[in-house]
Amino acid sequence: MLKDIKYRSAIILLVMVASAYLIWPTYKLYSLTKTEKEEAGITAIKELKEGAINLGLDLQGGMYVLLEVDIPTLVEKLASKRPVELKDAIQEADTRSMNSQSDFFSIFLAIANERDMRLVRFYTNLATRRDNESVVEEIKIQRNNAIASALEIIRNRIDEFGVSEPTIQKYGTNRIIVELAGVQDSKRARNLIQRTASLEFSLVLNEKWELVLNKLDTHLLNDTTYVTERNKPRNDTSVSNADTKSDAEDIFIEENILDEPSADLSTPDNILKEKPFSGYLRGVPGGVGVISEEYHIIKEILKRPEVQRKIPREGKFLWGNRFESAQDETGSIIEYRQLYYVASNPEITGGMVREPTARMGTAGSDASGRWVVNMSMSPEGTKKWSRFTGANINRQVAIVLDDKVYMAPVIKDKIPTGQTQVTGFADVNEAKDIANVLRAGELPAPVDIIEERTIGPSLGSDSIESGKNAMLVGLIAVIIFMIIYYKGAGILATSALLLNLILIIAVLAGLNATLTLPGIAGLILTIGMSVDANVIIFERIREELDLGKTVRAAINAGYERAFITILDANITTLIAAFVLAWIGSGPIKGFAITLSTGIICSMFTAIFVTRSVFMAFTDGKPRQSLSI
Amino acid sequence: MRLLQKTNINFLGVQKFTALLSISIIVAGIVSLVMKGGPLLSIDFTGGTIAQIKFKQAVDISELRNNLENFGFTNAEIIEFGSPDEILIKTQSTGSSNEISEKLTTALGETFTLRRVESVGPKIGKELQKDALVAISLALMMILIYIAFRFDAYYALGSVAALIHDVLITLGIFSLLSYEINLSIIAAFLTIVGYSLNDTIVVFDRIRENIPKNLKKTLQEVVNVSLNDTLSRTVITSLTTMMVVVILFIWGGEVINRFAFALIVGVFIGTYSSIFVASPVMLYCERRSKGNPRK
């Protein structure tokens, strides 16, 4: 049937109609002006977008973030008891899994078995069976639940942030991809996604300061490893930040140190000889603080496992949420971060909080002119809060969000209603975002951003512009060359090329594919490579004509022989493209998809369509010459 | 119009010379790779941060470098990117776009716009490295199998030799020029693989067709005839492809500039290797295994 020109024309016509149908939404979407889009309404635009080619983040600007759920922390949180030996095992598993092919869980299981730990003792809440294997399996199930809920929570938070069509999807076992097109304020978006939003109201244990400081000082004086480490030159300790995880804060802090080479405010060595820990602490307005130059030293000390063991179970150290500055006794300005010692068991947790909303503090109150978050509490929370505030009048309560103390007001009165106000935010956005994340709920475990790509909108439109230009110039150059070189047949090949481009766009729109910058490059490359099929055919026809065959026979022989060559050559390129599409991510995938679509469509246009035209040309009357 | 009339070039006659040429370029590349401790990997693979910044007017890079060094960008590499008012900052530390932007604002004031920030954690870098290696080897292996199945094992060896030749040379040239390998360059490499194969297959296909037609000729002669038969196609396709990649290089914008450069090198080397590497290696392998003593 393919020998019949009528059927061939019908197929070509059908393909062209289908292409036009597929391209229509794309054409319409990108020809609408901004006001027209607003008039059309969100649902109509959404419908159009579903059938159209979308622009990748690198073309329209936006933010791509790859998040990893902090599995070790999650595993620790899941435990019902958290003794040091468990924490140790989890940390060890984490370190080992960084440099190994096996995953955290199998290493964790191996360590537990090595050390004869019975995990069921720490996970009484989960255990259905008593052996370590089943406990780890159970933890894995909990991990999956945690990731599913993290996904949901992040989705809720972003919905409130108001980005059009965010992509939030699971990737692998413990990762989440978030794509936010057109986001301008990547800082806010990042905080919003990453915040764990664990809210705790805990009693500040000011009366225990002396006891715990004594304990730590004595410990550090006797700890030989610490003393030798500390006696190394200063610079060494400050860079010894052997934290493999990227701790954004640490980078920032180091920068602060570089900023202020001026007066040496650091604690004199003779004090540290007697008080290696408490020597660093200074009285600051509102409590105890550490100057920014020494912040990381205390942070490191508190991280030491032996130090952690010395801290009484009832309490923990927490930092204030930001650096503040004040004048010290000598009159120089110091920048410091407040340190709190608070009860380790919170009185109120985020789950008991209801309806957090950000507002401007009411005039006349303490918070007048500042942004606050108001909240009420669940019946259980209200009862607890009322009892707690009643019993602790004149003591301080720390309001802790994500392990940072936002404020630590003194309880002046019993609060019977549960109505509470939190202050201490840097600006309106912080207050609003915190109210938002509190509403959306607490993440089951912290998430780390392990990859971030942010493209500004101006770069995206520049890329489109240069992509368009390159494509146009490339197309014109190839067309001119083909027409000069192959004359009539060149015009035919050129039409096939244009048809090919239309087909590619139609297929990409049909696949609802995303066009990226490498995708445009793939399209441009296709322009050069897809004429290859016609070059092979035309060269073959010329050869056959040289052998003295008739026009019709030469065309037939040319197509027949060339077809096998083209097929073999294209399939090998397709293999490379498919592998790229399969393994590559993001822009690379976009490139591979346009390239393979281009190859497949070019087989249709360069072989089937051009042959049909030749057939129509030689149909009926025998031709004496061919413009080739 | 015809660029090439019926040719009769003895391509295989210059085998020794071309082999020497290829080997010396490859060796130069490998020496450079070894001396530089492997290919220069971008932050996609090593982890780190790049920030692309556009200033309102042209800036003095060295002044900027000194200025930024005082603000915590100590080990940062700062280069001009495309035009004198646009720069690229690369650091090994991972930081978010907002930290970078805060630091830059304190250092430079509101004189710039942050066009792009890419930050990759070291863990992801390692994974992407692994993925890239898997992609390239998997693609090569599947192509090898396909050709072995469609032609025979000698052809497969010849084409893969050409591919490895192309990738090694491109990699070597990137190393010699101290150009970074990032994800899109890996994509370019695979495209080169595809393109070079395309060329090689066209030649092989002609050899396969010519063998029964020229039973009196030796295989070497058949190969030479086939190379001549397909020469004008090879040249024209290379020409059209080269035209578009050169245009992409010139007009495509700074972001895909290196990608286009890799393609230019690749198209050139790919065309060369389909003539001077694939067929000779195929012939050599066939002779070795069939015990034909004639060199």
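Me: A helix axis here is a line fitted to C-alpha atoms over the stretch in contact, and angles run from 0 to 180 degrees between N-to-C directions. On that basis, at what angle do α5(B) and α6(B) pack?

Reply: This is a predicted model. In it, the axes of α5(B) and α6(B) lie 8 Å apart. The crossing of α5(B) past α6(B) is right-handed. The packing angle of α5(B) and α6(B) is about 150°.

Me: How are α5(B) and α6(B) oriented to each other, roughly parallel or roughly antiparallel?

Reply: α5(B) and α6(B) pack at about 150°. Angles over 145 degrees count as roughly antiparallel. α5(B) and α6(B) are therefore roughly antiparallel.

Me: Step back to the whole of chain B. How many helices and strands does the secondary structure of chain B come to?

Reply: From the N terminus on, the elements of chain B run α-α-β-α-β-β-α-β-α-α-α-α-α-α. The C-alpha trace of chain B spans about 80 × 45 × 30 Å along its principal axes. The secondary structure comes to 10 helices and 4 strands.

Me: How far apart do the C-alpha centres of domain 1 of chain B and domain 2 of chain B lie?

Reply: Domain 1 of chain B covers 11-42 + 124-290. Domain 2 of chain B covers 48-120. The C-alpha centres of these domains of chain B are separated by 38 Å.

Me: What distance separates the centres of domain 1 of chain A and domain 3 of chain A?

Reply: Chain A is assigned domain 1 (5-60 + 458-618), domain 2 (62-194) and domain 3 (200-440). Take the centres of domain 1 and domain 3 of chain A over C-alpha atoms. Their separation is 61 Å.

Me: Which element gives the largest share of the side of chain B that touches chain A?

Reply: The contact joins 62 residues of chain B and 65 residues of chain A. Elements supplying at least two residues each on the chain B side include α4 (97-108), β4 (112-120) and α8 (219-251). By class, this side has 31 nonpolar, 21 polar and 10 charged residues. The largest share, 13 residues, comes from α7(B).

Me: Which residue is the bridge partner of Glu451(A) in β4(B)?

Reply: β16(A) and β4(B) pair in the antiparallel sense over 5 bridges. Glu451(A) has its bridge partner in β4(B). That partner is Val120(B).

Me: Which strands stand at the edges of the open sheet?

Reply: The sheet has 8 antiparallel strands in the order β3(A)-β4(A)-β2(A)-β16(A)-β4(B)-β1(B)-β3(B)-β2(B). An edge strand has a single partner, so one side of it is left without a neighbour in the sheet. The twist averages 20° from one strand to the next. The edge strands are β3 (167-171) of chain A and β2 (77-81) of chain B.

Me: Which residue in β4(A) does Leu66(A) stand opposite?

Reply: β2 (62-69) and β4 (175-181) of chain A pair in the antiparallel sense over 7 bridges. Helix α8 (132-161) of chain A lies across β2, β3, β4 and β16 of chain A. Opposite Leu66(A) stands Ile177(A).

Me: How far apart are the axes of α5(A) and α6(A)?

Reply: Helix α5 (71-78) and helix α6 (84-98) of chain A pack at about 160°. That makes α5(A) roughly antiparallel to α6(A). Pro72(A), Val75(A) and Glu76(A) of α5(A) meet residues of α6(A) including Lys87(A) and Ile90(A). The axes of α5(A) and α6(A) are separated by 10 Å.

Technical notes: Residues numbered from 1 in each chain as written. Chains lettered and ligands numbered in written order. Predicted model: local features only at pLDDT ≥ 70, side-chain atom pairs only at ≥ 80, totals over all residues. Domains from an automatic or database assignment. Parallel < 35°, antiparallel > 145°, perpendicular 65-115°, else oblique. Contact = placed C-beta atoms within 7 Å. Pairing = 2+ DSSP bridges. Nonpolar A, V, L, I, M, F, W, Y, C, P; charged D, E, K, R; others polar. Left-handed = near helix turned anticlockwise from the far one by under 90°.
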